[in-house]
Amino acid sequence: MNLIAATILAPLAAALLILLLRRIPLALALSGATVGLLASLGLLADTVAGVSNEIQLPGLPELPLSLVATPLTALLSGLVAVIGGLVVVYAIGYMKRDDEKVRFFATMLLFVAAMQTLVLAGDWILLLAAWELIGLASYLLIGFWYRRPEVKSAATRAFLYTRSADLGLYVAVFILIADAGSSNITTTLNTGGGAATAAGLLLLVAAMGKSAQTPLHDWLQRAMAGPTPVSALLHSATLVAAGAILLIRTAPMLPDEVLLVIGIVGGITTLVTGLIALGERDLKRTLAASTSSQYGLMLVAVGAGVPLAALLHLLAHAFIKSSLFLGAGVFQHSRDSTAFSELHGAGRDRPWIFFGFALAALALTGIPPLSGFFSKDAIIAAALASSYAPLFTSLVLASTLLTGAYMARSLRILWQGNTRHHNIAGLTWMGAGLAGLVILAAILGAAFPAIETIFSDPLPGNNVAVMLGLVAAGVGLTLGWFVPAQRLLGPLRPWSQRGFAIAGGFNTWVVRPALAIARGCERLERALYDEVLALRQLGLNVARGCERLERALYDGALALGRLGLSLGQAVRLGDERGIDGLIFSLVRGMIHLGSRARRLQSGLIHRELAITVVVTALIFATLLIPLLAF
Amino acid sequence: MTPELFPALITGAALFGIGIYGALSQTNLVMLLMGVELILAGAMVNLVAFWHHLHPDTPAGQMFVLIVMTVMAVEMAVGFGVAIARFRAIGSVEMEEAAELKG
């Protein structure tokens with residue numbers, strides 16, 4: 001059995017089985033995720049060993065669908081499978097008290113399967129389909145608790161943001177296929193010139209939507225309304241990662257101007273969302289803003305021309321951020337809230353969970369020997385080596401400092417305060433998932449040299465970069481731990497709390513265009529409606545003419561009928577008065593005669609005898625008269 | 001015309017007339033039947049007289065009178081049967097009271 005197929009079909013089959021059977025969702029989810037994980041790791045091993053795996057499927061004419069396992073896609077597939085599996089383990093504990101496990105796990109596995117398809121896709125059409133599927137799955141998962149009022153709007157918002165940015169991907173894919181004459185991604189990467197620039201910018205738009213880059217960063221924080229395992233999956237390996245993955249995969253094609261734009265967008269995002277994270281009052285929202293910020297760093301790395309650094313940071317960040325979210329989920333269950341005001345001292349309740357959370361936080365900040373250190377170091381080195389070193393380096397360092405500050409702030413709030421211990425259902429499962437991810441987040445750095453050799457693309461090493469990164473991280477951590485966020489932010493505070501809604505944020509960038517489209521549609525519809533109305537008027541006139549004709553016909557028929565009726569009446573009258581009268585009078589005469597004749601029959605013999613005699617005498621006389629006459 | 005014809009005719013006519021009178025004037029069924037007998041008797045006398053006058057040598061035709069007499073006897077039997085039945089039922093044979101016999 002092909003490993004690619006198993007990687008995608010195992011979670012998909014598990015999702016379908018869960019939906020069909022509607023029972024034992026936990027076992028099915030766990031086995032589906034495990035099989036997918038094993039297949040994906042086998043795929044990775046194959047690819048490292050040089051065995052190529054590929055599936056060709058019949059698609060559009062001359063544009064076959066294909067799934068390929070290159071080092072990049074196999075690595076990403078492994079990432080998705082590992083994080084998906086561990087998050088499912090965690091979710092078994094997290095969802096212990098929830099009644100809708102069937103829907104939850106089915107959608108989670110659908111999400112994983114769609115993401116596997118996306119990363120393994122070898123052609124643009126399959127990638128588009130998977131892109132849509134992860135959008136759908138994320139919509140379903142963010143809106144999982146759809147009965148809560150703010151959840152619906154958050155899910156719709158996330159969907160609208162990513163959907164409107166997806167337009168960029170569609171146009172870009174059309175441009176690429178039209179230019180290269182093939183939908184194969186590797187083939188289209190040879191595109192150059194204007195087509196590459198246009199497609200690159202449009203791909204950037206799509207990536208900005210999915211990876212929540214400024215100014216489209218708002219939806220990610222609101223998506224925190226979904227269950228925490230969803231956030232962990234969303235932020236680390238799936239939906240949000242899709243944007244960065246797209247840019248990393250297409251990086252060889254992108255011309256310099258586009259790279260600069262990508263770098264600038266990423267730099268601005270990493271700064272802006274870092275400030276937002278620092279000013280947040282909610283743990284999960286802080287983590288969400290931090291996600292945008294870290295993806296901004298990856299975009300800077302892509303913009304600096306070192307996509308491998310972006311990939312490494314994507315891997316490290318995936319494990320770190322899912323660990324952070326899973327830890328936050330435990331705190332959420334323990335305090336029934338994720339607001340910082342409720343979380344004071346939550347870390348003291350469960351020191352082991354806090355230890356894992358803190359380890360991940362330090363890894364994100366970039367403290368050696370944790371994985372984040374190596375990837376962030378690679379990004380700083382890439383920024384230093386790029387042609388726009390001053391700009392990129394300062395942005396990246398500022399972001400590193402901010403990362404330290406907001407993570408230290410979160411740790412401080414979680415640690416300082418009173419303990420309030422109460423039991424949480426399913427803590428074992430949650431702890432298991434979290435432990436797996438934290439361990440990976442901590443030691444993943446050891447695997448980076450191996451990855452570098454696989455890609456045979458040495459990273460720019462630089463001691464200055466290491467020093468700068470460490471100093472920035474240290475300063476950030478110190479500031480965050482000791483100085484309140486309000487003081488740190490200073491005049492930027494109101495901006496941060498408004499989410500740096502540039503030029504109206506959501507309203508300007510999504511709502512207004514959407515409304516304009518809607519209004520245009522309405523106008524079109526109104527015009528059509530008028531047309532229809534005119535048509536209806538015409539129809540009415542015709543109908544009225546027909547009605548008049550019909551009425552005339554009807555009147556004619558009525559008159560004819562009336563004539564026939566009166567004729568009938570006359571005939572009937574003739575019948576009654578003439579024939580009937582005649583017959584009746586005959587009958588009456590007969591009756592009369594009969595009664596007369598009856599009177600003769602008196603029963604009195606004398607009278608009858610007398611009559612007989614008289615009549616006989618008369619007859620006799622009548623007979624005699626002629627005799628006498630002659 | 002033989003001289004014996006007239007007395008016979010006159011006798012027949014007298015019998016007939018008495019019979020008519022009897023039949024018309026009497027109300028008793030028995031008397032009425034006797035009137036009818038007389039009418040028939042008058043008719044038979046007439047028949048015999050004319051026969052004898054026309055065919056004095058062939059008396060065979062006069063056998064008719066015997067048949068008529070037989071019929072008369074039968075008629076009387078029926079008539080008296082009716083009279084007896086009526087008398088038994090009503091106690092009278094007055095014909096003026098027997099209008100219901102018309103059926």
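A residue is taken as buried if 20 or more other C-beta atoms, placed from the backbone, lie within 10 Å of its own, as exposed if 12 or fewer do, and as partly exposed in between. By this criterion, 49% of the 630 residues of chain A are buried. The model is predicted, and local features need pLDDT of at least 70, side-chain atom pairs count only at pLDDT 80 or more, and totals for chains, interfaces and linings use all residues. Residues are numbered from 1 along each chain as its sequence is written, while chains are lettered from A and ligands numbered from 1 in the order in which they are written.

Chain A contains 26 helices and two strands, defined as DSSP runs (H or I, at least four residues, for helices; E, at least two, for strands) numbered from the N terminus. Residues are in contact if their C-beta atoms, placed from the backbone, lie within 7 Å. Of the contacts in chain A between residues at least 6 apart in sequence, 81% join residues at least 24 apart.

Helix 18 (residues 371–385) and helix 19 (residues 389–415) of chain A pack at an angle of about 155°, with axes 7 Å apart. Axes are lines fitted to C-alpha atoms over the stretch in contact, and angles run from 0 to 180 degrees between N-to-C directions. Helix 18 and helix 19 of chain A are therefore roughly antiparallel, the term for angles over 145 degrees. Helix 18 of chain A contributes residues including A:Ile379 and A:Leu384, and helix 19 of chain A residues including A:Phe392 and A:Val396.

The contact between the chains takes nine residues from chain A and ten from chain B. Helix 1 (residues 5–25) of chain B gives the most to the chain B side, with three residues.

Notes
Contact = placed C-beta atoms within 7 Å. Parallel < 35°, antiparallel > 145°, perpendicular 65-115°, else oblique.
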